[in-house]
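Hello,

Here is the structure I promised to send over. Please open it first, then read my notes below.

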Number of protein chains: 2
Amino acid sequence: MAQPLYVIGHQQPDTDTVCSAIAYARLKQRQGTDAVPARAGEMNPETQFVLDRAGVETPSRLDDAAGERLVLVDHNEHSQTVSGAREAEIVEVVDHHRIGDVTTSDPIFFRNEPVGSTATILTQLYDAADESIDEETAQLLLSGLLSDTVVLRSPTTTDRDRTVAERLAELAGLDVEEYGKELLQQKSKLGEKSPREMVLGDFKEFEFGAHEVGIGQVETVEPATVLEQREAVLAAMDDVVDEREYATLLLLVTDLLEEESTVLLAGGHEDTVGEALDATFTDREAFLPGVMSRKKQVVPPLEDALS
Amino acid sequence: MAQPLYVIGHQQPDTDTVCSAIAYARLKQRQGTDAVPARAGEMNPETQFVLDRAGVETPSRLDDAAGERLVLVDHNEHSQTVSGAREAEIVEVVDHHRIGDVTTSDPIFFRNEPVGSTATILTQLYDAADESIDEETAQLLLSGLLSDTVVLRSPTTTDRDRTVAERLAELAGLDVEEYGKELLQQKSKLGEKSPREMVLGDFKEFEFGAHEVGIGQVETVEPATVLEQREAVLAAMDDVVDEREYATLLLLVTDLLEEESTVLLAGGHEDTVGEALDATFTDREAFLPGVMSRKKQVVPPLEDALS
């Protein structure tokens, strides 16, 4: 049997990463490729809710990608890839983040666009391939799009995302705002989480120059749930810094309704981080008015400051 | 005045790189961006012939890109970018090579596809933007496509290139084979070149692991013109190795009619290179039947062997 092609998103998978992997594997299957969606970590409750609601099977977890053929969706840097990806053949990339450190020996299809979700780009790839989008797939793509753009409220949202969302909602028989509210409620189910889970639930690693940096984000309509436990959360962050030797670890607690974030810090470089984010840390905490996007509002200034 | 956006190809510019820079700058201008085509080195005779024939002005040379905003076409690795590009802001990439080491802080539009020319992708970008392609621009794009694919004969040629070439030829009022022959004649004007110019005329640098490697290519219908001066060419290659401290320097002498290459070698790693290319060097020369593409048939095995 020929080797399958794994379509896989980033570690700490979120809804856009998982739904994009499924939707792109489906497109490739229709085009005659033996493509299999996979995930690089535990499912989060929001994503599980989306798959359950759509009646779609959870993709298998790929624990070691060494020797495999991979399509990367929703990421393009090795600090975020599935384990073993450096020893895998990367044959395609579809993403909407900064350009990272993935290199290849051969020319490949690599499409990155500055839009709100990978699902937005995948919708266009269906169009370009002249393939229709069925109701179930539309529901998956819409979920990825609305989750990543915080129901079109994040500053990463473009006009294209809005147009695509309306079209997907129609195909899925859903209402953008109504379904978006369902998703936001899932994001906010923080009560049951341990401080460590809050830190590592939606977490990304970066290499900025010689610095390993971790940035977690909690998107919620009830930031107080996290901030009330601030000492326990900071202690969990300190543990992670010790274990993984990060130069800095940030946790963004993003208030989805007020469209602002509070950031907590562990590790060093407090002054540099504060300056980069135009904020002042008091007792390891700073307020970031208007900041909702880790990718667009936090990563670029931090990279500039720490590289 | 606002800062212009430079659309620029690789060092040692060839026809695809220069024509793609002009065509993409024109598309951006139509969309209201103050885009300026530029080049990162001397024009070669084939490309100058193309611009003269089309009555198009030669793009200005950009000598230092530090502090500028750049769109990279036809390349995406720093060893091939204009000087100063590491201190520039790279805001877009359109290419058809392997994925290199360009990284960004922000999400950008990055489109790489495994097709025969950057011009092929640009034709699709005109379509996607719903912009028509005028006769002059069609001539430029066709020139880039036919030059890079050796008039659709290179193994890098895809069905998409063939379809796009036919369409561009119609828009330009040219015949693919007839115009292709005109271009090939330009490529073959080697008589007036010095050995050093033969080595460095179409030349690319790569970093394979810790090794700096240079690979030149002469595409010609008269390989004897080069090989008759083999000792002088090898001496010129030795000089370049000394000056630039390459681990290896290869010169591919590609016979466009027989669709095969002879490769000359300077620097070290003869055995590793021979094994990678499945060839045996005798007196610093080896024969590569069926090899026409540096990018597709030489770079990947060399990178694997030397990294």
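B:Val151 sits in a loop of chain B, between α4 (135-148) and α5 (159-172). This is a predicted model, so please read every value here as computed from it. The backbone at B:Val151 deserves a look. Its phi is near 50°, a positive value in a residue that is not glycine. Most residues other than glycine have a negative phi. B:Val151 is also buried, with a relative accessibility of 2%.

A second residue in chain B has a positive phi. B:Arg284 is not a glycine either, and its phi is near 65°. B:Arg284 belongs to the loop between α10 (270-276) and β11 (285-289) of chain B.

Now to chain A as a whole. Its secondary structure consists of eleven helices and eleven strands. The C-alpha trace spans about 55 × 45 × 30 Å along the principal axes. How does the radius of gyration of chain A agree with that of a compact globule? For 307 residues, a compact globule would have a value near 19 Å. Chain A has 19 Å, so the two agree.

Some totals for chain A follow. Of its 307 residues, 61% count as buried. Take the contacts in chain A with a separation of 6 or more: 64% of them come from residues 24 or more positions apart. The accessible surface is about 11900 Å². Carbon and sulfur atoms hold 43% of that surface. On charge, chain A carries 26 positive and 61 negative charges. Their mean positions are 3 Å apart.

Next, the interface. The size of an interface is often given as the accessible area lost when the parts come together. Here, chain A and chain B bury about 2000 Å² between them. Of this area, 55% is on carbon and sulfur atoms. Which residues of chain A lose the most area to chain B? They are A:Ile99, A:Ser105 and A:Pro107. Together these three make up 30% of what the chain A side buries. The contact takes 25 residues from chain A and 25 residues from chain B.

Start with A:Ala169, in helix α5 (residues 159-172). Its relative accessible area is 3%, so A:Ala169 counts as buried. What is A:Ala169 in contact with, leaving aside neighbours within four places in sequence? The partners are A:Leu142, A:Leu174 and A:Val176. A:Gln139 is 30 residues away from A:Ala169 in sequence, yet their C-alpha atoms are 7.3 Å apart in space.

Then go to A:Glu131, in the loop between α3 (118-128) and α4 (135-148) of chain A. A:Glu131 is partly exposed, at a relative accessible area of 23%. Leaving aside neighbours within four places in sequence, A:Glu131 is in contact with A:Leu27, A:Arg30 and A:Tyr126. A:Leu27 is 104 residues away from A:Glu131 along the chain, and 7.7 Å separates their C-alpha atoms.

If you look at two things, take the positive phi of B:Val151 and the contact between chain A and chain B.

Best wishes

Notes
Residues are numbered from 1 along each chain as its sequence is written. Chains are lettered from A and ligands numbered from 1 in the order in which they are written. This is a predicted model: local features need pLDDT of at least 70, side-chain atom pairs count only at pLDDT 80 or more; totals for chains, interfaces and linings use all residues. Side-chain values use heavy atoms; hydrogens and water are left out. Helices (H or I, at least four residues) and strands (E, at least two) are DSSP runs, numbered from the N terminus. The radius of gyration is taken over C-alpha atoms; the globule rule is 2.2 Å times the number of residues to the power 0.38. Buried means under 20% relative accessible area, exposed over 50%, partly exposed in between (1.4 Å probe, protein chains only). Contact means heavy atoms within 4.5 Å. Accessible areas come from the Shrake-Rupley method with a 1.4 Å probe; for residues, only the protein chains shown count as cover. Lys and Arg count as positive and Asp and Glu as negative; His and the chain ends are not counted. The place of a charge is taken as NZ of Lys, CZ of Arg, CG of Asp or CD of Glu. Buried area is the accessible area (1.4 Å probe) that two parts lose on being put together, summed over both.
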